[in-house]
Amino acid sequence: RIPNGLLYWRVENSLKAYQQIALLHRLQFDISLIAITGSVGKTTTRELIQSMISHVGPVLSTSENNNNDIGVPLTLLQANKKHSAIVLEMGMRGLGEIERLSDCAQPDIAVITNIGTAHIGKLGTRKNIAVAKCEITSSLRSNGSVVIPADDPLLEKELKRNWSGRIIKVDVKENNSTSSENYECDYLGIVDLESRIISVNGRSYWLPLRGMHNARNFILALAVAFEMNVPLAKLDRLNLKMPKGRNTCLKIGQLTIFDETYNASPESVIASLKLLTAEPGRHIAVLGTMLELGTHSIDCHRRVIIEAVNLGLDGLIIVAEGPEAEVMSLEAEKIPLLAVVTNPKDAEPYLKAWLKQGDSLLLKGSRKIQLETLLPFLKDIFK
């Protein structure tokens, strides 16, 4: 029973009303809003954008994992007149969710990092994933722009079905690349991975994060910074602090640990393996199950292990069970050190026996696998 004298509104859908209140609050301020989605790299690109445009003024940004129907309006409701920009991460688990988030936020700039296979178990195909991600333009302002990678024809095709405005395409190539692929793009970055330098339009920038995949995230963010007229000199060195479990490199004694424990998809695991094997010394990985892949799960797990073998991994601990464990262990037979366990705790004896000072170790698996629970053990044996 509603108490007498209490002011209230009766609504048909409380979630929709909550999002509409957040939109009304957002519209009170003349603040540029950047929205980011994609299969992988959303959080990294979000943090890069926030760091770059903070030179223009205070930035309100998505915190932790508040990138859904509840988290996006929660972030918007924190906006105030002191903010110069808002950076929102938009996640999804099915069709229609990003459309709702776009309607709630009305972005000025949208960024789609890529179209991969994360959530393919729910959406079925990469085309459906592309359709879902392109919903970010649902309420993108007509004079706004969308930043995308230049090398994905599927993404560009689906984007143009409902968006006729400006599209900014970016690409990166290694400085020694012999690739003959030539995509039309607005910003091309030439990357020296060893020195961590990327050159764009004749100017060089230092990459705060390692790896080719992060160079791609960097140039997506750089395109946004250009759109926001951030002074170029401010972009030479970024003060970037990533959330735990994402793009985190730890040093314990002479052991290098890549903590990528927050989540995993085939694309992100392969990128992390390439980053690992670029390090000196032996390369050992603990790989957990990748979830939400549906009927594609077996093929995706097989693809990841084939890549691990081709990269010359020295040791692998598989944290999985069922068909995924079977296919991963079968494809991994050529890896010199190999173990299959069903939980992180059972990986500890193998890590203690295998690891030596000077090794590099990757921890990567879906959130539910909780591979981060191995970190205290590793710190204890290498302290």
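User: In which strand is L60 found?

Analyst: L60 is found in strand 2 (residues 59-61); helices (H or I, at least four residues) and strands (E, at least two) are DSSP runs, numbered from the N terminus. This is a predicted model, in which local features need pLDDT of at least 70 and side-chain atom pairs count only at pLDDT 80 or more, while totals for chains, interfaces and linings use all residues. Residues are numbered from 1 along each chain as its sequence is written, and side-chain values use heavy atoms, with hydrogens and water left out.

User: Does L60 count as buried or exposed?

Analyst: Buried means under 20% relative accessible area, exposed over 50%, and partly exposed in between (1.4 Å probe, protein chains only). L60 counts as buried because its relative accessibility is 7%.

User: Which residues are in contact with L60, leaving aside its neighbours within four places in sequence?

Analyst: Contact means heavy atoms within 4.5 Å. With those neighbours left aside, L60 is in contact with T75, Q78, A79, H83, A85, I86 and V87.

User: Where is the place of D359, and how far apart are L60 and D359 in space?

Analyst: D359 lies in the loop between helix 12 (348-354) and strand 15 (360-364). From C-alpha to C-alpha, L60 and D359 are 39 Å apart, and 299 residues separate them in sequence. D359 is buried, with a relative accessible area of 4%.

User: With which side chain does the side chain of D359 make a polar contact?

Analyst: A polar contact is a pair of N or O atoms within 3.5 Å; within protein, one must be able to donate a hydrogen and the other to accept it, and residues adjacent in sequence count only if both atoms are side-chain atoms. The side chain of D359 makes such a contact with the side chain of R282 (2.7 Å). The D359 side chain also reaches the backbone nitrogen of K356 at 2.7 Å. Not counting residues up to four places away in sequence, D359 touches Q254, L255, T256, R282, I284 and W354.

User: Which residues are buried in helix 7?

Analyst: In helix 7 (residues 153-162), the residues L155, E156, E158 and L159 are buried. The buried residues of this helix pack against strand 4 (109-112), helix 6 (126-134), strand 5 (145-149) and strand 6 (166-174). At the start of helix 7, a side-chain oxygen of D152 comes to within 3.1 Å of the backbone nitrogen of L154.
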